[in-house]
Amino acid sequence: LESIYKYPYNNLKFIKAYSILQGYFLNDEKYEFRIRLIKNNNKFEKAFLTIKSKDCLLSREEHEFTLNINEAFDYLKNKCTDYVFKTRSIYDYNGKLIEFNHFLLNDKRHCIIEVEFDSEEEANQFDYKTILGNVIEVTNNPDYYNRNMTIKLSSEVFERLKKKMLN
């Protein structure tokens, strides 16, 4: 997904948007491991290794480490089996960042909205329906975790994708 989506919410201020290629590996029962490449203005500018707990809770443990971009591509090609492609649009609402993550999965567009909070109490007080309209709360539904919205790629397809994404 290369296009940038902007929503016409009057109460949200658009900040930025970028593309993400994310791959998953070492799937164990407690943690998910992923490599993430961030593409902005047709250029990869950041790469991360993220370890995230699989708890189906409002707050989850997460650790992120910066990677070299070539190293990240090597991990994506040689270690990952499932991938997510998404475009993230970030908005500001009274100092709180709201992320719209757009996926193309099985020829259908999906949008998952994420808001990070300093505490569970703050999250429970957030009036998302007033701010965002008719949305469905999926925080505790693992079907909507990025890990469960992945696609599989052969190494040949991955190489073509990598070449396209690097140009």
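## Overall fold

Helices (H or I, at least four residues) and strands (E, at least two) are DSSP runs, numbered from the N terminus. Along the sequence, the protein follows the pattern β-β-β-β-α-β-β-β-α-α-β-α, with four helices and eight strands.

The model is predicted: local features need pLDDT of at least 70, side-chain atom pairs count only at pLDDT 80 or more, and totals for chains, interfaces and linings use all residues. Residues are numbered from 1 along each chain as its sequence is written, and side-chain values use heavy atoms, with hydrogens and water left out.

## Burial

Of the 167 residues in the protein, 38% are buried, that is, under 20% relative accessible area (1.4 Å probe, protein chains only), while exposed means over 50% and partly exposed lies in between.

## R34 in strand 2

R34 belongs to strand 2 (residues 31-40). R34 counts as buried because its relative accessibility is 4%. Leaving aside residues up to four places away in sequence, R34 touches Q22, G23, Y24, F25, F48, L49, T50, K52 and E62; contact means heavy atoms within 4.5 Å.

## Helix 1

In helix 1 (residues 69-78), the buried residues are A72, F73 and L76. Seen down the helix axis, these buried residues fall within an arc of 100°, so they line one face of helix 1; the arc is that of the directions from the helix axis to the C-beta atoms. The face turned away from the buried side carries the exposed residues N70 and N78.

At the start of helix 1, a side-chain oxygen of N68 comes to within 2.7 Å of the backbone nitrogen of N70.

How values were computed:
Polar contact = N/O pair within 3.5 Å; in protein donor to acceptor, adjacent residues only side chain to side chain.
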